[in-house]
Amino acid sequence: MRTFAIGDIHGGLKALIQVLNKIEVKDEDTLIFVGDYVDGWSESAQVIQFLIELSQKINCVFIKGNHDVWCENWLKSNDVNPTWYIHGGKETIESYVSFSSDEKKNHLDFFENMPLYHIDNENRLFIHAGFTSMHGVEKEVFKETFYFDRTLWEMVLTKSSDINEDSVLYPKRLKHYKEIYIGHTPTTNFNSDMPMHAANVWNVDTGAAFKGKLSAMNLNSKAVFQSDNLPALYPDEKGRNKD
């Protein structure tokens with residue numbers, strides 16, 4: 001049995017299909033998505049529909065990201081968060097034009113049932129952004145941290161690589177888990193179009209919302225499967241790029 005962690009999709013259905021074809025998904029595989037399924041490219045609603053149908057055939061775990069929270073709130077109330085609107089929400093709203101009220105309700109149920117994190121039977125943590133409690137995710141006070149925090153990734157980049165795990169200076173929050181898989185902060189911000197690794201944290205968001213690729217990582221072999229760059233798949237769109 002194989003388990004894959006899949007990065008932020010941001011409405012890029014074509015990229016998702018490419019990646020799933022490359023890993024040649026089998027019935028016994030497990031796919032763990034780290035969130036942000038919507039906002040960016042033009043097929044956000046179609047991504048959600050595809051994932052709902054995929055989960056009926058394949059064992060999937062769908063972590064909730066900050067963009068998913070925004071979309072969920074819109075589907076629930078029809079109120080448009082202005083921050084969300086300028087960061088991909090506009091394209092997501094447009095992608096729902098042809099969807100019926102019942103289909104939207106089904107998607108709302110899908111969002112509402114997403115966990116904020118997942119810990120598997122090998123003590124690997126999957127979370128969209130991060131957490132701040134030194135006692136682990138179960139002790140986190142502010143749940144918004146799970147989908148907005150960037151300090152976990154910043155910390156491992158600046159500190160943990162130079163500190164031995166046995167040191168008293170090693171961050172205590174990392175010691176609770178064998179590995180931690182996150183998205184949220186594109187690795188393209190650090191001039192990499194591949195998943196990045198620091199301490200026991202893997203960042204699998206390779207910039208699909210912008211000019212990067214969608215990535216899936218085999219958790220045992222660490223083999224990476226990627227789509228084309230998203231602008232090549234959606235040549236008439238900007239995604240979340242400003243130019």
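## Basis of the description

Residues are numbered from 1 along each chain as its sequence is written, and side-chain values use heavy atoms, with hydrogens and water left out. Because the model is predicted, local features need pLDDT of at least 70 and side-chain atom pairs count only at pLDDT 80 or more, while totals for chains, interfaces and linings use all residues.

## The sheet around β6

An open sheet of five strands runs in the order β4-β5-β6-β8-β7, with mixed pairing; strands are DSSP runs (E, at least two residues), as helices are (H or I, at least four), and both are numbered from the N terminus. Its edge strands are β4 (117–119) and β7 (196–198), each of which pairs on one side only, where pairing requires that DSSP finds at least two bridges between two strands. Neighbouring strands of this sheet are turned by 15° against each other on average, direction ignored; axes are lines fitted to C-alpha atoms, for helices over the stretch in contact, and angles run from 0 to 180 degrees between N-to-C directions.

Strand β6 (residues 179–182) pairs in the parallel sense with strand β5 (residues 124–127) over three bridges, and the bridge partner of L125 in β6 is I180. With strand β8 (residues 201–203), β6 also pairs in the parallel sense over three bridges, and here I180 stands opposite V201. In a regular strand the side chains alternate between the two faces of the sheet. In β6, E179 and Y181 point one way and I180 and I182 the other way, and all are buried, that is, under 20% relative accessible area, whereas exposed means over 50% and partly exposed lies in between (1.4 Å probe, protein chains only). Helix α7 (residues 151–158) lies across β6, β7 and β8, running at about 70° to β7.

G183 is found in the loop between β6 and β7, and its relative accessible area of 1% is why G183 counts as buried. Not counting residues up to four places away in sequence, G183 touches D8, V34, I127, H128, N203 and D205, with contact taken as heavy atoms within 4.5 Å. The C-alpha atoms of G183 and R150, which are 33 residues apart along the chain, are separated by 9.8 Å.

## The sheet with β9 and β10

Another open sheet of five strands has the order β3-β2-β1-β9-β10, again with mixed pairing. Each of β3 and β10 (224–226) has a single partner strand and stands at an edge, so one side of each is left without a neighbour in the sheet. On average, neighbouring strands of this sheet are turned by 20° against each other, direction ignored. Strand β9 (residues 215–218) pairs with β10 in the antiparallel sense over three bridges, and A216 has F225 as its bridge partner in β10.

## Helices α1, α2 and α4

Helix α1 lies across β1 (3–6), β2, β9 and β10, running at about 140° to β10. In helix α2 (residues 44–54), the buried residues are S44, A45, V47, I48, L51, I52 and L54, and what covers them includes α1 (13–23), β2 (30–33), β3 (59–62), α4 and α5 (101–112).

I86 has its place in helix α4 (residues 82–95) and counts as exposed because its relative accessibility is 65%. Together with V80 and Y85, I86 forms a nonpolar patch on the surface, with about 290 Å² of accessible area.

How values were computed: Patches are made of residues with over 30% relative accessible area and no salt bridge: like charges are joined within 9 Å, nonpolar side chains (Val, Leu, Ile, Met, Phe, Trp, Tyr) within 5 Å. Accessible areas come from the Shrake-Rupley method with a 1.4 Å probe; for residues, only the protein chains shown count as cover. A salt bridge is a side-chain nitrogen of Lys or Arg within 4 Å of a carboxyl oxygen of Asp or Glu.
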